[in-house]
Every structure is written in C-alpha cells, then in structure tokens.
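Take a moment with the sequence and the 3D view below. Then follow the chain from its overall make-up down to single side chains.

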Amino acid sequence: MAMGTGHCFWAIFYFACLCSASLANNANINFREREKKVLDQILGIGKYDARIRPSGINGTDGPATVRVNIFVRSISKIDDVTMEYSVQLTFREQWLDERLKFNDVGGRIKYLTLTEANRVWMPDLFFSNEKEGHFHNIIMPNVYIRIFPHGSVLYSIRISLTLACPMNLKLYPLDRQVCSLRMASYGWTTDDLVFLWKEGDPVQVVKNLHLPRFTLEKFLTDYCNSKTNTGEYSCLKVDLLFKREFSYYLIQIYIPCCMLVIVSWVSFWLDQGAVPARVSLGVTTLLTMATQTSGINASLPPVSYTKAIDVWTGVCLTFVFGALLEFALVNYASRSDLHRENMKKKRRELEQASLDAASDLLDTDSNATFAMKPLVRHPGDPLALEKLRQCEVHMQPPKRPNCCRSWLSKFPTRSKRIDVISRITFPLVFALFNLVYWSTYLFREEEEN
C-alpha cells in the first residue's frame, strides 16, 4: 500500500512539472507576441514616419536634443608622415522620440531591440575630419537600436575610422600632439537638431590601451559649432593628447649620433703620418652620419620649419665634418713644419759656412807680418751678430709664466699643437651644445604644455 502511494506522488509531481513548463512556454510565446504587437503598433504602416524629426523638449517645436557618448576600443596607429591616426570605437546616440512610447506591460518589457536603423528617425551625424572608415559586419552587423517605454531611443554601433591629425613637429621627437575627433550634423541646423555630450562620463577609453610610440595622457570634450552660409550646425569634438615616447628615439637616434661624433675624435689621437687611417675614419663617420640623417628625414613629412631632430643631426654632422677638416689642417701644418725645419737647417748650414770662412780669414791675418786686429768688428761679422743677439736677450724684461704657453711648448710642431687643442676643444664644445640643446627644448616643451 505504501509503495502505491509513493508512485502516485511522483506521478502527480511529474505531471505538475509538465504543466508548469507548458504554461511558462505559452507565457513566453504570448510575451514575444506582445512585443511583436507593440512594434506593429508603434512602427506600423501609416503610424510612424522616419522622415520627420522628433519634437523638442516637452513636445515643443524646439530642436531635437541628441546626447552622445563614445567608447574608444583601440588606437592602432598615429602616422607622422600622412598626419593621421586610426581608431576603433563604439559610438552611441540617445534621444527622445515621444511617438515611440508604448505600454511596458507592468515593467515586463524593458526595451525593444531593432537591428534596422531605417525603421526610425536617425540623426545625420558625420565625422568632419574623417579620411576613411567602415562598419563591422562580422558575424552580424555590429549595430543595435533600443526603444524604451517612455520613447527614449539608444543607437549603438562599432566603427573604425582613419582621421586627420594636423601635427606641429617643431619639437620632434620631444613633442606632444593633439588629435581631434569631430562630429557634426550634416543637414539639420541648430534650429532643428542639437548635439550634447552625455552627462557623467561622455568619453571612455579601454584600460589596456597600448600605443607603440605614444602615450595617451588625457582627453578633453568640447563643442565646436560651425557657421556657414546655410546656417549654424551643432558640433562635438574630443581632443586626445598624445605624448611621444622618447626612449625609442634616444636609443635609435641620439645615442648612435653621439657615438659617431666621439668616434670621429679618435683621429686626434692617431699619428700625423697615419694619413690613410685618419682619412678613412673621417670619411666613414661622415658618410654614416649623413646616411642616418637621411633615414631620419625619410620617416618624416617634408615641412618648411626646423625640427628639434634637425638641429641635433645637423650639429652632429658639423662636428664630424669639422673633425675631417681638422685633419686637413693638421696635414697642411705638418708640411709647413717640415718646410720650416728644412729652411732652419739650411740657414744653420749657411751660418756655419760663414763662421768657418771668417775663422779661416782670421787665421790668415794672424800669420801676416805687421798685421793689426781691428778694435771694432764689422757689423756683418757673425761673431758680432751673435754677441748683439745675446745682449738683446738679456736686455728684454722677464715675461710672466703662461700655463697654456708653457704646456703647448712641450709640443714643438704646430700640427701636434692643433691635435692637442682639438682633443680638448671638440668635447668641450659638444658638451656645451648638449647643455643648451636639452635645456632649450625641454623647457619649450613644458611651456607649450
């Protein structure tokens, strides 16, 4: 008897579950049918005209108000040559269309979803600085329209855009760039349509946004209404402030240029007679520096003003070229020193020959009978000239000791002195240039910010 009672209980329970599931399914079907009826009721033929804009606030004849917010999903590139940047974003618009009000069935219908934008009135917004763009249709078109019971409409779409970004490269690569995203009405003037930023958080950026050579410092929202011959049009804009990552340029440009300049100074320490080594070193560093400069300019647009990188590469190229010219000067000075040394050698030989001739003449006069030696020597007598020179030296006042002269006197030739002076002058001038360069451009960067 107990066994039969248990079977009856489970049979009744199973039957109740089937009945409840069937009722829920019917209710769900009835609910979807209710949504269809609501859509037919508000968007049926002859009931809604998508060509007519919604009325203004509180049903007045004022302009329709559309609130906009965007979500920046990614920024793929910022191109310095073409002065443009590519961005992918989710774009949202929200406005009130009282013609789309419906009964929410006691709160059961939170909103209605559409995928066809032509079923309702849409604002004619366009991106004024757009170069090209496209929608995303994989797997289905990434767009939806939600209609809420009180008549509010939310339009959301995912798009990719390539936008123009005029850049000022005077401080490149120590610069910051401001790239804008401008949105405006194409046909409706401010008398009919006004765009406003959504209150609270109108622009959102993905947290893990990564750019290869830039950092997004901040973004600002503003209005940019424009007046033309056909009227005034509502406009919104977002200013994205990008800071260029300097570490890449420090490793790829500045440090190699410094190394090339320092390598060109090695010729100051080579022997003056090592002509092939010094010439090949100077020419090689000069050509390498010129090649690097041309490579840097190839990655930038041809602008009419001077950039910070142009000043750096130009001065480095001048230092390398100056090191090559220094060797030419040393080579010329060494040949002058050799010529002067030969002239001194010949002069000493002539003086020695004249002294020998005078000595022979004196010996002849001493052997002659009744010869008398003159009391005063002839002015052309070499012995008299030597004594006169010694007297002049003793009569000159003593000079004060000069550290530079005494140090340079250790190097007898002018060519060697030029090399020694260059060893000190070139590094000092280059260090001074670095001090002026970095202080100038870093301070200018802070002032422009």
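The paragraphs below go from the whole chain to a helix, a core and some charged pairs.

This is a predicted model. The protein chain has seven helices and 14 strands. Of its 449 residues, 32% count as buried. The chain exposes about 28,600 Å², and carbon and sulfur atoms supply 61% of that area. Now look at contacts with a separation of 6 or more. Residues 24 or more positions apart account for 77% of them.

Turn to helix H2, residues 246-264. Its 19 residues reach 26 Å from the first C-alpha to the last, close to the expected 27 Å. Where does H2 bend? The bend is at Tyr254, by about 30 degrees, and Pro256 follows within four residues. Several H2 residues are buried, including Tyr249, Ile253, Cys257, Leu260 and Ser264. Keep the helix repeat in mind here. An α-helix has 3.6 residues a turn, so residues three or four places apart point the same way.

Next comes the largest nonpolar core, with 76 residues. Which members touch the most others? They are Ile75, Tyr85, Phe91 and Leu181. Take Tyr85 as an example. Leaving out residues up to four places away in sequence, Tyr85 touches Ile75 and Leu181, and also Leu161, Leu163, Cys179 and Leu240, among others.

Helix H3, residues 275-298, includes Val275. Val275 counts as partly exposed because its relative accessibility is 32%. Beyond its neighbours within four places in sequence, Val275 is in contact with Phe327 and Asn331. Ala328 is 53 residues from Val275 along the chain, yet their C-alpha atoms are separated by 9.8 Å.

Finally, consider charge. The whole structure holds 13 salt bridges. One of them joins Asp192 and Arg53, at 3.4 Å from N to O. This pair links distant parts of the chain, 139 residues apart. Asp192 lies in the loop between strands E8 and E9, while Arg53 lies in the loop between helix H1 and strand E1. Is Arg53 buried or exposed? Arg53 counts as buried, because its relative accessibility is 13% and the cut-off is under 20%. Asp192, at 24%, is partly exposed.

Arg99 and Asp97 meet at 3.0 Å, N to O. Asp97 is buried at 1% relative accessibility, whereas Arg99 is partly exposed at 32%. Asp49 and Arg51 form a salt bridge with their closest N and O atoms 2.9 Å apart. Here Arg51 is exposed, at 67%, and Asp49 is partly exposed, at 29%.

Technical notes. Residues are numbered from 1 along each chain as its sequence is written. This is a predicted model: local features need pLDDT of at least 70, side-chain atom pairs count only at pLDDT 80 or more; totals for chains, interfaces and linings use all residues. Side-chain values use heavy atoms; hydrogens and water are left out. Helices (H or I, at least four residues) and strands (E, at least two) are DSSP runs, numbered from the N terminus. The expected span of a helix is 1.5 Å times one less than its number of residues. The bend at a residue is the angle between axes fitted to the seven residues ending there and the seven starting there. Buried means under 20% relative accessible area, exposed over 50%, partly exposed in between (1.4 Å probe, protein chains only). A nonpolar core is a set of buried Ala, Val, Leu, Ile, Met, Phe, Trp, Tyr and Cys residues joined through side-chain atoms within 4.5 Å. Contact means heavy atoms within 4.5 Å. Accessible areas come from the Shrake-Rupley method with a 1.4 Å probe; for residues, only the protein chains shown count as cover. A salt bridge is a side-chain nitrogen of Lys or Arg within 4 Å of a carboxyl oxygen of Asp or Glu.
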